[in-house]
Amino acid sequence: MALPDSFLQELKLKTDIEDVISTYVTLKRRGRTLVGLCPFHNEKTPSFTVYPETQSFYCFGCSAGGDSVGFIKKIENLDYIDAVKLLDERAGMQMPEDGFDDSLGKKRRRILEMNRAAAKFFHSYMMSNEGKKGLDYYLGRGLTPKTITRFGLGYAPDSWDTLTKHLNSLGYTDNEIVEAGLASRSSKNRNRVFDFFRDRAMTPVIDIRGNVIAFSGRDIDKNDKRKYINTPDTLVYKKTNELFALNIAKDTGSSSLILCEGQMDVIAMHQAGFTTAVAGFGTALTSEQVRLLSRYCDEVILCYDNDVAGRRAVDKAISLFKNTDVKVRIPALSGGKDPDEIIKTQGKERFSAMLEGAANEIEFAIINLRNKHNLNTTQGKLDFLNDIARLLSKSSKIEQELYASRICEELGIQKDSLMAQIKQLEQNDKRYGMRRTYENERRNYQRETTKESFEKSATTRKINAEKRMLSILMRYPKCRKLCADFDSENLSEGFIRKIYELTVDFIDKGIECSVSAYSQYLSDAELGELSGMINGFSDSKNYESEFSDCLNTVIEENNKKNPVDAGGLSDEEFLELMKKILNNKIHKDEEE
């Protein structure tokens with residue numbers, strides 16, 4: 001069952017979407033709306049729009065949209081009920097005791113409870129005589145008992161089902177344990193379940209709300225080709241969306257975070273006092289992780305391993321951060337292959353100096369270009385300056401002035417020559433960018449229109465009429481009387497028909513047709529489409545007449561798609577139909 005409408009209406013009245021979203025996104029007022037950089041995709045130009053009048057949001061870049069619940073659901077990776085609960089607590093309200101389907105929320109909470117129980121089990125086992133192997137490993141890596149406890153580190157027994165049996169004793173079924181990613185089923189015997197993590201040093205992954213959402217297990221004896229294995233994606237965890245130790249780093253109050261490659265680097269850095277360190281999962285930083293970081297800091301120091309793979313990772317991270325307002329700095333690491341080793345061999349004071357001297361992304365790129373070219377030759381200087389011009393053509397005017405002056409003075413050339421080349425490259429990029437933007441927008445519009453028309457087996461005329469008809473009906477409920485005898489089967493299947501039937505039901509029950517009224521019945525994609533449709537509505541001078549026109553257009557287009565079944569006609573009716581078809585054909589031939 002759905003949540004009571006009265007409860008949702010009260011929640012809507014006590015929740016202001018601007019207040020909710022502004023805690024995640026920096027919003028600037030633009031007339032009657034507010035705009036900001038979308039938290040759901042990378043962008044430099046704000047396309048994320050908040051509509052206080054309709055208490056909704058819509059992104060023109062990625063088509064994300066919805067109400068406050070939809071926003072919290074998407075940005076916090078929650079299901080609908082848990083998103084409502086979060087806003088419910090924020091508004092000081094009391095959730096209804098029953099009357100709604102919370103099965104998915106209950107399943108999520110069971111997984112979180114299992115994860116917490118598993119984390120306690122791994123830690124307790126490591127602190128016992130049987131788990132001493134795990135404790136010796138962490139102590140051998142230079143971690144103190146205090147650090148081990150702070151990060152909840154543990155050890156998974158070298159056995160097939162010790163954890164599974166422990167969780168069974170706490171009331172969790174084999175199916176639940178497998179869904180949590182803590183156990184796997186045998187490929188030969190599906191009834192047999194065994195522990196996913198065995199004989200590994202265990203690091204729990206904790207989200208920003210303090211929930212244990214996953215684990216990372218490291219092979220201690222180097223018996224497995226897989227150095228690390230991580231919890232697979234579950235209802236509560238998706239590795240591309242999470243950052244290790246962000247729950248600690250965000251509470252430091254610092255606007256600058258240190259991004260590392262691995263969890264052990266982060267743990268070692270926290271122990272040394274660098275408590276703003278975080279890390280991703282796997283080898284590559286993702287756009288989702290970049291967006292998450294941008295919510296909590298203004299600057300990121302890329303502290304990746306000092307090897308070829310690390311340098312490639314730095315280049316990719318820089319390209320991802322270019323689509324955000326986050327500044328990037330890169331330290332010149334030396335004296336070790338990674339932060340953990342550098343701190344041990346060089347000391348934390350030396351490592352701190354490396355962080356303080358970190359170069360910004362332009363300086364880092366210039367250093368790489370210097371290493372690439374031989375500046376002792378004329379050709380080397382020419383190639384270097386051409387690359388510098390391309391680099392600075394994508395920078396701000398102040399950066400161009402500063403770095404061009406410094407480089408030209410060093411190489412003994414006229415600054416005007418370099419600045420002229422930079423200006424020419426800027427103009428070329430601008431012309432190319434405008435053409436590319438126009439072509440992309442044209443192709444996207446054609447593709448989306450064709451795709452929608454094909455998927456719904458409907459003409460563009462019918463689709464436009466359907467959307468306008470729905471928009472008018474939601475804005476002007478009085479039009480309900482005009483479609484009292486209208487059959488929804490005339491509408492395109494899927495989203496359009498679903499919205500129409502929900503809208504009619506809301507109007508008949510006296511419920512306001514706001515975005516929040518639909519949110520518990522729609523998927524994220526459907527909610528985004530609805531938000532775009534509602535907020536793209538233009539007022540109608542004569543809404544009843546326009547609604548009727550749209551209604552007639554839908555019926556007319558639908559009749560074209562569904563011709564009369566001649567097999568069910570009488571002889572007289574069949575002859576009359578053939579006359580009409582013949583007359584229409586003659587009329588078309590005469591026009592041509």
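On a 1 Å grid over the protein atoms alone, a pocket is an open set of points with protein on both sides within 12 Å along at least five of seven lines, while a cavity is a set of points where a 1.4 Å probe fits but cannot get out. The model described here is predicted: local features need pLDDT of at least 70, side-chain atom pairs count only at pLDDT 80 or more, and totals for chains, interfaces and linings use all residues. Residues are numbered from 1 along each chain as its sequence is written, and side-chain values use heavy atoms, with hydrogens and water left out.

**Second largest pocket**

- The second largest pocket has a volume of about 950 Å³, a volume being the space filled by probe spheres set on grid points that are joined across faces, edges and corners.
- Its lining consists of 38 residues, and K74, I75, E76, N77 and L78 lie nearest the centre of the pocket; a lining residue has an atom within 4 Å of a point.
- At least two lining residues come from each of α3 (68-75), α4 (80-91), α5 (103-126) and α12 (287-294); helices (H or I, at least four residues) and strands (E, at least two) are DSSP runs, numbered from the N terminus.
- Helix α5 contributes the most to this lining, with five residues.
- By class, the pocket lining holds 16 nonpolar, five polar and 17 charged residues. Ala, Val, Leu, Ile, Met, Phe, Trp, Tyr, Cys and Pro count as nonpolar, Asp, Glu, Lys and Arg as charged, and the others, Gly among them, as polar.

**Cavities**

- Three cavities of 30 Å³ or more are found in a search of the whole structure.
- The largest cavity has a volume of about 140 Å³. Of the 14 residues that line the largest cavity, K12, D67, S68, V69 and S516 lie nearest its centre.
- Two or more residues of the lining of the largest cavity come from each of α1 (5-14), α3, α4 and α22 (515-518).
- Helix α1 has the largest share of that lining, three residues.
- The lining of the largest cavity divides into six nonpolar, six polar and two charged residues.
- The second largest cavity, with a volume of about 70 Å³, is lined by Y137, Y138, A201, T203, S216, G217, R218, Y228, Q263 and M264.
- For the second largest cavity, α6 (132-140), β9 (200-206), β10 (212-219) and α11 (263-271) each give two or more lining residues.
- Strand β10 gives the most to the lining of the second largest cavity, with three residues.
- Five nonpolar, four polar and one charged residue make up the lining of the second largest cavity.

- Helices α3 and α4 pack at an angle of about 110°, with their axes 9 Å apart. Axes are lines fitted to C-alpha atoms, for helices over the stretch in contact, and angles run from 0 to 180 degrees between N-to-C directions.
- The two helices α3 and α4 are therefore roughly perpendicular to each other, a term for angles of 65 to 115 degrees.
- The α3 and α4 crossing is right-handed, meaning that the near helix is turned clockwise from the far one by less than a right angle.
- From α3, the contact involves S68, V69, I72 and K73, and from α4, Y80, A83, V84, L86 and L87; contact means heavy atoms within 4.5 Å.
- Seven nonpolar, one polar and one charged residue form the contact of α3 with α4.
- K73 is part of helix α3. Leaving out residues up to four places away in sequence, K73 touches L78, D79, Y80, A83, L522 and D524.
- K73 and L86 are 13 residues apart along the chain, and their C-alpha atoms are separated by 9.4 Å.

**Other helix pairs**

- The axes of α16 (residues 361-372) and α18 (residues 397-411) come within 12 Å and cross at roughly 30°. That makes α16 roughly parallel to α18, the term for angles under 35 degrees.
- The crossing of α16 and α18 is right-handed.
- In this pair, I362, E363, I366 and R370 of α16 meet E399, Y403, R406, I407 and E410 of α18.
- The contact of α16 with α18 has four nonpolar, no polar and five charged residues.
- The axes of α11 and α14 (residues 339-346) come within 8 Å and cross at roughly 35°.
- D265, A268 and M269 of α11 meet P339, D340 and I343 of α14.
- The α11 contact with α14 comprises four nonpolar, no polar and two charged residues.

Note on methods:
Parallel < 35°, antiparallel > 145°, perpendicular 65-115°, else oblique.
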